[in-house]
Amino acid sequence: MRPQPTRNPRRPELLVTGLCFAVIVFDGYDLIVYGASVPALLQYEPWGLTPAMAGVIGSYALVGMLIGALLAGALTDVVGRRRVMLTGVGWFSAAMMGCALAPDATWFGIFRLLAGLGLGGVMPTAVALTAEYSAPSRRSFNNALMFSGYSVGGILAAVLAMALLPVWGFRFLFGLGAVPLLILPLLVRYVPESLVFLVAKGRLEEAERTAARLGVPVPEAPPATAGPQPKRGPAALFTRRHALPAVLFAVVSFFGLLLVYGLNTWLPQIMRSAGYPLSSSLLFLLVMNLGAVIGSVLFSPLGDRFGMKPITLLSFLAAAVSMSLLSIATAAPLMYVLVAIAGFGTIGAQILVLGYVAQHFPVEVRATALGWTLGIGRFGAITGPLFGGLLLDSKVGIEWNFYAFAIPAALATAVVLLLPGKATQASEQAAQVEVRTA
């Protein structure tokens, strides 16, 4: 007999969202701590790094994330969301300890690349699990809440850098990135597998045990159909209905991740070049990530009500305007406000894009769509640190340090205009039928 929902049907929703939030906090810390450490790395004489070289090393982790995200998109529908996520957590944590112990810049870059492999597999699986265990009316909100862990990790990286970097140096900050190894046993015990995955694989007993533990019903298996077998993975994503939105989402993700990783890597150094001391430049990094948390949590519920398209459009437009205004702003309080808005329009916008993907695609292809969107978007993530490093090495005017990031935000705004709006219930059902029978 299949289990019935518990008296508190939101318990599994809160559990999964909370666990995925904790994982993404570590994910965000391990990525953003590099940007917080760049000023110290540039001053570390034994390595003799230039801004361009630091930009290349910053991109190594993102090359790894590209590979990791694409692998995750293909493997989650084969081995399961849970296994991919937990393997990624252990992998990137061990690699962060390698970064802390690296004897030279070459080995440091290698360990950043290896860390990226694990980091790339974590994000799409966390989004997919959160979306599956969330009620449709709260899916975008829970996704934003969970993914705000990335910016919470960034805030943690900035705060710890302000307090510890001058005394303990960059190696200690990277060593802290291995902390998830200590809590990995708890994640192994409490992170559930996707019930949809278990049912699709015919692992019904395991699905029933998991559902009983969480107090949720076991989803029904899709009805057997005669004729060709259902398409799965990328083949299911690139059907006539899904192909164009998948490409457009990937393009938007390219610009979004260029902004996220370009600014998280180089904002402290950009502000230092504008005359701010190290502590103040790191404070701008903190404010940007704080703006992302507040903005995405406040605006994402509107996506559940009005659709994700107008909210995502607004966020990228806010980034383009705020980055342009930073080029002429001089008063520190105004600059903090504009940086917070830019945080919502860059990091927050990427959170909204992932929620948009989770809302648009049916569950049968959702994990693959998320892996594809993040995987192709990683080309933008790789470009961001390189772009910022070349920008600072070129010694263009201070104002162009900001204009250069306003342009990708404007381009992202234009592409969002081409994306589909809020799907109707009928169209969502039709999409599910097509994926099962195509």
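Visitor: How many helices and strands does the protein chain have?

Guide: The protein chain has 17 helices and zero strands. Both are DSSP runs, numbered from the N terminus, with at least four residues (H or I) for a helix and at least two (E) for a strand. Please keep in mind that this is a predicted model, where local features need pLDDT of at least 70, side-chain atom pairs count only at pLDDT 80 or more, and totals for chains, interfaces and linings use all residues. Residues are numbered from 1 along each chain as its sequence is written, and side-chain values use heavy atoms, with hydrogens and water left out.

Visitor: Why is Phe108 called buried?

Guide: Buried means under 20% relative accessible area, exposed means over 50%, and partly exposed lies in between (1.4 Å probe, protein chains only). Phe108 has a relative accessible area of 1%, so Phe108 is buried. In the protein chain, buried residues make up 56% of the 438 residues.

Visitor: What does Phe108 touch, not counting residues up to four places away in sequence?

Guide: A contact needs heavy atoms within 4.5 Å. Phe108, which sits in helix H4, touches Tyr34, Leu41, Trp47, Ile57, Cys99, Ala102 and Phe174 on that count.

Visitor: Is Phe174 buried or exposed?

Guide: Phe174 has a relative accessible area of 0%, so Phe174 is buried. Its place is in helix H6 (residues 170-175). With neighbours within four places in sequence left aside, the contacts of Phe174 include Val33, Met96, Phe108 and Arg112.

Visitor: What makes a nonpolar core, and how many residues has the largest?

Guide: A nonpolar core is a set of buried Ala, Val, Leu, Ile, Met, Phe, Trp, Tyr and Cys residues joined through side-chain atoms within 4.5 Å. The largest one has 132 residues, and those with the most contacts inside it are Phe108, Met123, Tyr150, Phe174 and Tyr261. Helix H11 (residues 243-273) gives the largest share of this core, 15 residues. Leaving aside neighbours within four places in sequence, Tyr261 is in contact with residues including Leu31, Met123, Tyr150 and Pro385.

Visitor: Why is the pair of Trp107 and Phe111 called tilted?

Guide: The structure holds 15 aromatic pairs. For Trp107 and Phe111, the ring centres are 5.9 Å apart and the planes are at 35 degrees, so the pair is tilted. Rings of Phe, Tyr and Trp (its six-membered ring) pair if their centres lie within 6.5 Å; planes under 30 degrees apart count as stacked, over 60 as edge-to-face and the rest as tilted. Both residues lie in helix H4 (residues 105-133), four residues apart, about one turn of the helix.

Visitor: And what makes Phe254 and Phe255 edge-to-face?

Guide: Their ring centres are 5.4 Å apart and their planes are at 80 degrees, so this pair is edge-to-face. Phe254, at 24% relative accessible area, is partly exposed, whereas Phe255, at 14%, is buried.

Visitor: Which residues make the nonpolar surface patch?

Guide: Val56, Tyr60, Leu113 and Leu386 make a patch of about 270 Å². Patch residues have over 30% relative accessible area and no salt bridge; like charges are joined within 9 Å, and nonpolar side chains (Val, Leu, Ile, Met, Phe, Trp, Tyr) within 5 Å. A salt bridge is a side-chain nitrogen of Lys or Arg within 4 Å of a carboxyl oxygen of Asp or Glu. Accessible areas come from the Shrake-Rupley method with a 1.4 Å probe, and for residues only the protein chains shown count as cover.

Visitor: Why does Leu386 count as partly exposed?

Guide: Leu386 has 31% relative accessibility, so Leu386 counts as partly exposed. Leu386 lies in helix H15 (residues 363-394).
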